[in-house]
Amino acid sequence: MGARGSPWSLLSSWLVVLAAGGAWALEAGVTSRGGRCLERPCPPAFLVRDVQPGAEGSGAFFLTDVQGTLFFGADDGLHGRELWRSDGTASGTRLVEDIHPGSADALPIPYSSDESVLDAPVVAVGGVLYFAANDGEHGMELWRSDGTAAGTYLVEDVRPGPESSNPQSLRAVGGRVFFRADDGEHGQELWVSDGTRRGTRLVEDIRPGPDGSTDFLGEQRVSVGEVLYFAADDGEHGVELWRSDGTPAGTRLVEDIFEGADSAFPFGIVAFGSIVLFEATDREHGNELWRSDGTRAGTRLVEDIRPGPEGSFPSDMTVVGGFVIFSAVDADHGREPWRTDGTPGGTRLIEDLWPGPTGSSPARLTASGGRAFFRAMDELHGSEPWTSDGTRAGTFLLRDIVPGPGGSSPIDDETPGFIFDAVDGVLLFVAAEGQTLVLWKSDGTRRGTVRLRDISEGGSFDPFFFLTASGSHVFFSAFEANTGVELWALPRSSLDCYPGESVVPWAPDAAFNRGPAWEVEDIFPCAPGSNPDWLTDADGRLFFTADDGRHGREVWVSDGTESGTRLVEDILPGVGTGEPPPAPEFLTAVGRRVFFSADDGSSGREPWVSDGTPGGTFRVADVREGPEGSIPVALTAVGDRLFFSANDGVAGHELWVSDGTPGGTFLVADIRPGPESSEVQSMVAHEGRVFFTANDGVSGFELWVSDGTADGTRMVADIFPGSGGSFPESLTFLGDTLFFAATGTGTRGQLWRSDGTAAGTVLVADLSPGAGGRPELLVAAEDRLFFSALQDDERWLFVSDGSTAGTFRLVTLATAGERLATVGDTVFFVHFEPDTGRELWKSDGTLAGTRLVEDILRGFGSSDPRELRSEGDVLLFSAYELEGGREPWVSDGTRRGTRRLQDLAPGPSSSTPMMFTVSGGKVFFSADTPRTGRELWGVKRSDLD
């Protein structure tokens with residue numbers, strides 16, 4: 001018998017439980033609730049065909065899927081760079097046609113002069129591949145292929161003779177291909193083709209003469225419906241945003257953003273619903289985030305993230321469901337991840353991953369499964385893979401692949417085209433383990449982020465670029481010492497594999513269970529976890545969303561027990577399809593019911609309601625008939641009704657109200673008449689009314705109020721007259737007085753208050769005239785208001801009694817964006833001091849009463865408290881220790897009363913608790929443990945004292 005506390009003694013105790021007929025089973029692949037979790041080994045990647053035998057390699061490139069068949073370029077050593085096809089087998093991998101007979105190259109070099117991967121001159125339209133090729137007679141021109149020799153031919157000799165028109169930036173729009181080319185007369189201009197010679201033509205000579213308008217174009221093209229948006233220079237307005245439907249009359253300048261001959265450089269264009277988002281520069285703001293609906297009036301600055309001429313340089317814009325995640329720079333945080341819904345109020349920092357102005361430099365953002373994946377760095381982990389669902393709680397490090405500050409550098413910006421792409425809701429990426437590059441996969445959870453096997457035992461495996469899913473395989477080019485760069489593949493089933501080291505059977509463990517908190521239910525057994533989200537209390541019952549691996553992400557309800565935790569209804573049957581899979585969101589309690597936005601697969605995203613039973617869960621109304629959905633947002637409870645913003649397809653996104661019945665769900669008012677949206681946002685309820693921000697098309701975004709009737713819906717005050725608007729944000733009530741931040745010409749740092757009348761809407765304090773930061777994180781503490789604002793290039797904690805004289809700053813904040821939490825008349829926050837690092841502080845609104853609560857990580861190291869939530873006279877939060885990792889903590893505001901609640905992931909590992917929510921005498925939260933992944937946990941409220 002081993003020593004007490006040894007692994008052998010624990011195993012013996014476990015076997016005793018089994019012998020006594022306990023529920024736990026000591027069997028590989030058996031999970032905590034007796035459900036099986038069979039290890040699914042990852043099949044190895046394999047060489048599809050050694051196209052050019054020997055170490056030289058064929059350099060497989062431009063991999064493109066055409067209805068289940070892979071097309072790619074390769075050099076077999078005999079025919080030069082030519083077009084090939086593959087079905088994933090050696091026999092099914094063959095040359096399509098020797099377009100340039102002999103050893104000469106038909107396809108362009110896959111790298112530009114700076115060794116970056118070219119904007120690939122290939123695109124699929126239906127069952128046809130369009131590409132640039134040179135047959136030795138016509139120069140580099142537009143070709144097409146259906147995968148057969150007979151179906152591979154020149155579309156049009158745009159520049160007649162042996163010289164080349166060099167088609168590039170091919171984009172499929174509907175059944176046509178837009179591209180840029182130079183016919184020798186007009187320079188690089190926009191062309192279009194329907195695949196026939198007669199249907200291939202110059203769209204418009206945007207810049208008359210031989211200079212061309214688009215020779216810098218690159219990736220700056222995107223389509224919305226049948227319209228292409230792109231950047232072009234007509235020689236008069238500089239590089240600006242243009243649009244085209246493929247006709248000369250339908251090709252025009254959208255807006256001269258940087259007026260005159262100077263250029264706005266609208267780059268990084270991304271389609272987002274019916275609009276496009278992009279970065280651009282005007283005379284006042286520097287490079288910032290802009291939006292356009294294709295009209296001059298609908299083209300405007302979204303948000304001046306970094307006030308002044310420097311600009312925030314938004315980049316890597318990636319659509320994730322109902323918002324766009326991107327990278328941007330501001331003065332407080334450096335370059336960090338941001339999100340936007342295309343409105344000022346909906347544009348905000350997600351998380352300061354590397355606290356302070358250094359910035360985590362997120363890059364290569366890629367959307368998959370309702371999340372964004374990216375590489376980022378912090379001071380502890382170096383450059384590693386991260387993920388975000390657009391919320392602070394849902395933004396985390398996927399895995400510290402190379403422990404320590406060195407990082408695994410999942411992608412190297414200096415190396416062209418490394419894999420960082422998504423297939424079937426799974427991310428594939430490359431990590432550097434020492435001198436070896438290794439292919440990894442992730443499903444968006446820590447446990448589901450695993451190393452795929454090497455190509456061959458003991459062999460080098462350097463995955464490179466051009467990752468493409470086609471048919472039943474995932475193809476990519478890779479280097480192996482004996483074969484050079486060739487075409488490799490993984491079975492698509494590899495995306496659903498779990499290597500043995502990632503599957504950890506659950507066993508009773510004294511250390512695991514020591515403490516008052518318990519795991520409510522292992523909803524997704526032996527997997528990365530169900531990742532509970534949208535935790536919402538509805539009269540003592542907890543509603544939340546979770547993914548059990550069988551139904552996709554759906555609404556669940558819990559009373560804190562295993563038997564009382566259940567799926568409410570499978571709204572979208574099955575595991576969910578689409579990119580990203582539709583999932584319920586914006587859970588909002590109204591009495592004992594919750595309203596939320598959901599998509600049942602036929603009606604699009606619409607408002608739903610649930611009382612926690614299948615029969616009481618239904619779509620409230622089909623606001624916008626058809627599969628497009630009304631996309632309800634800004635759900636806000638006001639008494640026994642729900643206010644929200646939705647688009648019925650006629651009036652745009654406007655203010656709606658519902659009592660939970662179809663007849664009681666209706667448009668309150670078309671604030672901006674016609675199909676354009678007033679973009680209702682920032683709603684807050686008070687005394688049976690809702691206050692919010694909206695744009696009526698005349699006054700810009702201003703403060704509004706509604707009692708749920710058209711007559712009772714009005715603008716409170718036109719704070720800054722004219723069409724610019726004041727953009728009220730952070731609406732917060734202190735008693736019967738509404739406080740909010742507002743922006744006007746020449747200022748960003750104004751705190752306002754309102755009693756709901758125009759006369760009673762007044763300026764409290766202009767905290768930082770000019771380019772200062774607006775007030776944020778407003779919280780009420782009995783008779784005072786606390787908030788943060790930028791002043792003198794630092795983020796400060798302010799207090800206000802509602803008067804100008806009574807509004808002043810207290811101390812700097814260490815983590816901009818981390819919420820403030822109040823307990824009685826005290827506010828808790830995070831502050832930095834050189835001797836203690838970033839730790840938990842509190843203030844009663846006076847300088848003398850502002851002090852450190854506890855130095856959790858002793859010395860100059862930082863515990864970085866996060867997720868601050870108050871419950872009665874107790875504060876809940878997460879904090880980091882070297883020995884215990886990031887775990888749940890509680891505090892009563894004293895040093896002795898500040899303690900770790902429980903080490904859920906024993907040792908230095910972190911459970912990273914999130915979303916503390918009180919319901920039915922319990923505090924619920926999500927936590928990530930090595931045994932069960934991220935699941936729902938609970939603790940009795942009485943155990944916090």
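This is a predicted model: local features need pLDDT of at least 70, side-chain atom pairs count only at pLDDT 80 or more; totals for chains, interfaces and linings use all residues.

Select Arg49, which counts as partly exposed because its relative accessibility is 31%. Arg49 lies in strand β1, which covers residues 46–49. If you leave aside the neighbours of Arg49 within four places in sequence, the residues in contact with it are Trp84, Ala90, Thr93, Arg94, Glu486 and Leu487.

**The whole chain**

Of its 945 residues, 59% are buried. Among contacts between residues at least 6 apart in sequence, 48% join residues that are at least 24 apart.

**Aromatic pairs**

Next, show the aromatic side chains, among which the structure holds 13 aromatic pairs. Start with Phe429 and Trp440, whose ring centres are 6.3 Å apart and whose planes meet at 25°, so this pair is stacked. Phe429 belongs to strand β31 (residues 426–433) and Trp440 to strand β32 (residues 436–442), so the pair ties together parts that are eleven residues apart in sequence. Both Phe429 and Trp440 are buried.

Move on to Phe691 and Phe733, an edge-to-face pair with 5.5 Å from centre to centre and 70° between the planes. This pair links distant parts of the chain, with Phe691 in strand β51 (residues 689–695) and Phe733 in strand β54 (residues 729–734), 42 residues apart. Phe691 and Phe733 are likewise buried.

**Charges over rings**

Two further selections pair an arginine with an aromatic ring. At Phe323, look for Arg339, which lies over the face of the ring at 3.8 Å from the ring centre. At Trp796, the charged end of Arg809 sits over the ring, 3.7 Å from its centre.

**Cavities**

Rolling a probe the size of a water molecule over the atoms shows where empty space is left. In this model the count comes to four cavities of 30 Å³ or more.

The largest cavity has a volume of about 60 Å³. To find it, select its lining: Arg371, Asp389, Thr391, Ala393, Gly394, Phe396, Asn531, Pro532, Asp533, Met914, Met915 and Arg934. By class, this lining has five nonpolar, three polar and four charged residues.

For the second largest cavity, with a volume of about 40 Å³, select Phe62, Phe71, Phe72, Gly73, Leu83, Leu107, Val122, Leu129 and Phe131. Strands β3 (69–75) and β7 (128–134) each supply at least two residues of this lining, and β3 gives the most, with three residues. The lining of the second largest cavity divides into eight nonpolar residues, one polar and no charged.

**Backbone with positive phi**

Most residues other than glycine have a negative phi. You have already selected Asn531 as one of the residues lining the largest cavity; in the chain, it lies in the loop between β37 (518–521) and β38 (533–538). Asn531 counts as buried because its relative accessibility is 16%, and the cut-off for buried is under 20%.

Now go to Asp316, which also is not a glycine and has a positive phi of about 55°. Asp316 is placed in strand β22 (residues 315–320), and with a relative accessible area of 32% it is partly exposed.

**Last stop: His381**

Finally, select His381, in the loop between β27 (371–378) and β28 (382–388). Pro403 is 22 residues from His381 along the chain, and their C-alpha atoms are separated by 6.5 Å. Not counting residues up to four places away in sequence, His381 touches Leu397, Asp400, Val402, Gly404, Pro405 and Gly407.

Notes
Residues are numbered from 1 along each chain as its sequence is written. Side-chain values use heavy atoms; hydrogens and water are left out. Rings of Phe, Tyr and Trp (its six-membered ring) pair if their centres lie within 6.5 Å; planes under 30 degrees apart count as stacked, over 60 as edge-to-face and the rest as tilted. Helices (H or I, at least four residues) and strands (E, at least two) are DSSP runs, numbered from the N terminus. Buried means under 20% relative accessible area, exposed over 50%, partly exposed in between (1.4 Å probe, protein chains only). A charge sits over a ring if NZ of Lys or CZ of Arg is within 6 Å of the ring centre and within 35 degrees of the ring normal. On a 1 Å grid over the protein atoms alone, a cavity is a set of points where a 1.4 Å probe fits but cannot get out, and a pocket is an open set with protein on both sides within 12 Å along at least five of seven lines; lining residues have an atom within 4 Å of a point. Grid points are joined across faces, edges and corners, and a volume is the space filled by probe spheres set on the points. Ala, Val, Leu, Ile, Met, Phe, Trp, Tyr, Cys and Pro count as nonpolar, Asp, Glu, Lys and Arg as charged, and the others, Gly among them, as polar. Contact means heavy atoms within 4.5 Å.
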